[in-house]
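Hello,

I am passing on the structure we talked about, and I would be glad if you could look it over. My notes come after it.

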There are 2 protein chains.
Amino acid sequence: MKFYHDGEALTEPRGFFCSGVHCDVKGKRDGKLDLGIIYSKKPCSVAGVFTTNDVRAAPVRYCESLMKDQNAAYHAIIANSGNANACTGLQGEIDTKKMATEVARHLKLHSKEVLVCSTGRIGEPLPMSRITAGIFDAADDIKNEYDGAQAFQEAILTSDTCTKSCSAKIEASIGEITVGGVVKGAGMIEPNMATMLAFLTTDISATNSELQSILTDAVNKSFNRITIDGDMSTNDSVLIMANGNSGIELSEESKKFQNDFADAVDAVCAELARKCVSDGEKVTKFVKMRVIGAKTENDAEKVARCIANSLLVKTSWYGSDPNWGRIIDAAGYAKVGMKFDEVDLDYNEVPALQKGEPIVGNKSQWKEIVSDKEFTITLNLNQGKSTGEIWTNDLSEEYVNFNKSE
Amino acid sequence: MKFYHDGEALTEPRGFFCSGVHCDVKGKRDGKLDLGIIYSKKPCSVAGVFTTNDVRAAPVRYCESLMKDQNAAYHAIIANSGNANACTGLQGEIDTKKMATEVARHLKLHSKEVLVCSTGRIGEPLPMSRITAGIFDAADDIKNEYDGAQAFQEAILTSDTCTKSCSAKIEASIGEITVGGVVKGAGMIEPNMATMLAFLTTDISATNSELQSILTDAVNKSFNRITIDGDMSTNDSVLIMANGNSGIELSEESKKFQNDFADAVDAVCAELARKCVSDGEKVTKFVKMRVIGAKTENDAEKVARCIANSLLVKTSWYGSDPNWGRIIDAAGYAKVGMKFDEVDLDYNEVPALQKGEPIVGNKSQWKEIVSDKEFTITLNLNQGKSTGEIWTNDLSEEYVNFNKSE
């Protein structure tokens, strides 16, 4: 597998076109790109994973409903930032439908061939006259085959500080397959994703259900592992489009290639998830919190999440303080029957606790590790053989300042 | 009931003596009082509620173990701040025992008549030579019947900004009964209490089990409702001592008086819990988050906790931003089957949402309410008749700054 950590990822698989325009969703006239389209002339199979929040935004419900038809094919995704179209009642549903219809009208598609995603503030109606004007511009760029992969990446950002993309290439029997992906994240990232939109494109040919099983696995190993502030949004969506432009059918390839393809989707999702955490709102550190030696995977994940979401733990990381007491305390309220005098704790490879005994001689090393921008903490419960891993970050004063109003 | 919002609460019930001294638990020579004793000449019945964290500190396990004897009576509680004696292994157990023994030796008690509480940093052994010197001083003050209620209150504080006490007086058949209480709280306050120590004294005569049932009820309606940062500590303890100095037997009084007594304990616990949240680390607002119309109490509490613990909600309160979208989002990930178009939301008595529709005309009023230091938010799920209430606060930049190292 050849892996590229950034680039114009979405248009690297053959046959995809993107655009991104400014239509002033927020009414701030700041010139920020805030609406974009991903398009393929060939119809695409699509798979998706969506937020499980009780309150799912209108576009999420729209996509879920369209995708119930296992044989449906799609040509385009329209996405906007600045307004989540969540908690917007019947009007929200009408507006979502209208976005799809407008894209379909300009690109000569059926509206059911267009998926819709939104992200941004909750509870305000979309400014539909500006949105439809934006769709006109964005569709125009698509018709002119304008190279808008970078513009699309920018258009979906909210409080992100940078665009986030990557791609992977693998060899098939008669050529090469590419998987490209972009993500927007920042605040409100947690269990089962969060105001997070991720889009993947690939030029393989596969059925909706083949794609779905590969995507679901990949999301479980990546986006579902990340937590920034414990909040889960109304709009989280991960979508993959496969247009078959390569002429390569997934089901007709070797088992090895099929595994390689799943690995490529995994790798793209994992890298996008990592980027998402590192670019969390006002984040200074990326931390892999591993729990091993648990009785069940569920226990391991529960403990890792309690630690990763503890404000006291996160603020201590921000202060480069290797405060293992706070980690153990947070692990303790996961209530999986942890026994302190049985646990081991490592900062990277350096033991901090062995069977509950602090290895005090290593203290200066812990301090150094926690001062780094990226480190791994491993807690061994010594209760069993299951493991869990959550990727998280620290909590800074700037996070609070940034989020105190919108 | 006569209610006093502060004062020398612990010694207001007859027959109790307190002391508080500086023994330099932290080795900082800052002169802060950090060790204290509550004492009654008459033996006391005692009830207690303790943290349910998997990792319970040595003193918690010590008290739990002593109190298994339903007929045991006690004369004293020794408490220190600055060091939690948690995650300290066998040495921690030995040190706890030693604290009880030292108190017993000076006050001519059996060590089993002395309960022990600690709060402070996790994972460091107690400085026992300084602790035993402190016990000598504190016991000396008790022997001299020195009036140390205020000193005791100060001695248990950690990052609290002020002492927190209150008391209630009720009429019995042949006189008056007093219930006094003090609390220390600040960071790490959440489900089922947190680095929170609360002590109540009363001059009624009651059995351990009578007291236990009253205290458990009172804690469920107060301390178990509060959350500051979602962390639950290794050391939380609420203890009540009843010395019978009034000569009034609870079981021999009227049903009405028995209810009045339970109400007095409830009122003291509720006021201490409220003070605890208001004095949370770097807190600027006190918020009652009520959820009504839920299918079950469990659902109601789950939703209220999700909202109360959401960083995005807490930071918006800090910014005086009545961001109902974040509240609804957090309620949605409690996953109790909430339907957005059925919910009502009020800021104090002012409707913000009715059946999911924003009452936009009230917007300036919401803003005003959220700018206040204390307000109530009521979310009606309109699913059933159960309610839940969590008391919480905002999240400030100062909180992060304060907790980034210890």
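Residues are numbered from 1 along each chain as its sequence is written, while chains are lettered from A and ligands numbered from 1 in the order in which they are written. Please keep in mind that this is a predicted model, in which local features need pLDDT of at least 70, side-chain atom pairs count only at pLDDT 80 or more, and totals for chains, interfaces and linings use all residues.

Chain A is divided into domain 1 (2-278) and domain 2 (286-403), with bounds that come from an automatic or database domain assignment. The centres of these two domains of chain A, taken over C-alpha atoms, are 33 Å apart.

In chain B, an open sheet is formed by six strands in the order β13-β12-β11-β14-β10-β15, with mixed pairing. Strands here are DSSP runs (E, at least two residues), helices are runs of H or I with at least four, and both are numbered from the N terminus; two strands pair if DSSP finds at least two bridges between them. At the edges are β13 (357-358) and β15 (386-393) of chain B, each pairing on one side only.

Strand β11 (residues 344-347) of chain B has these neighbours:

- With β14 (residues 374-380) of chain B, β11 pairs in the antiparallel sense over four bridges. B:Asp344 has B:Asn380 as its bridge partner, and B:Asp346 has B:Thr378.
- With β12(B), β11(B) pairs in the antiparallel sense over three bridges. B:Leu353 is the bridge partner of B:Leu345. The two strands form a hairpin with two residues between them, and B:Asn348 in the turn has a positive phi of about 50 degrees.

Helix α10 (residues 363-371) of chain B lies across β11, β12 (350-354) and β14 of chain B, at about 120 degrees to β12(B). Angles run from 0 to 180 degrees between N-to-C directions, and axes are lines fitted to C-alpha atoms, for helices over the stretch in contact.

Finally, helices α8 (residues 311-318) and α9 (residues 324-332) of chain B pack at about 155 degrees, with axes 9 Å apart. α8(B) and α9(B) are therefore roughly antiparallel (an angle over 145 degrees). B:Leu312, B:Val313 and B:Ser316 of α8(B) make the contact with B:Arg326, B:Ile327 and B:Ala330 of α9(B), where contact means C-beta atoms, placed from the backbone, within 7 Å.

Best wishes

Conventions:
Parallel < 35°, antiparallel > 145°, perpendicular 65-115°, else oblique. Contact = placed C-beta atoms within 7 Å.
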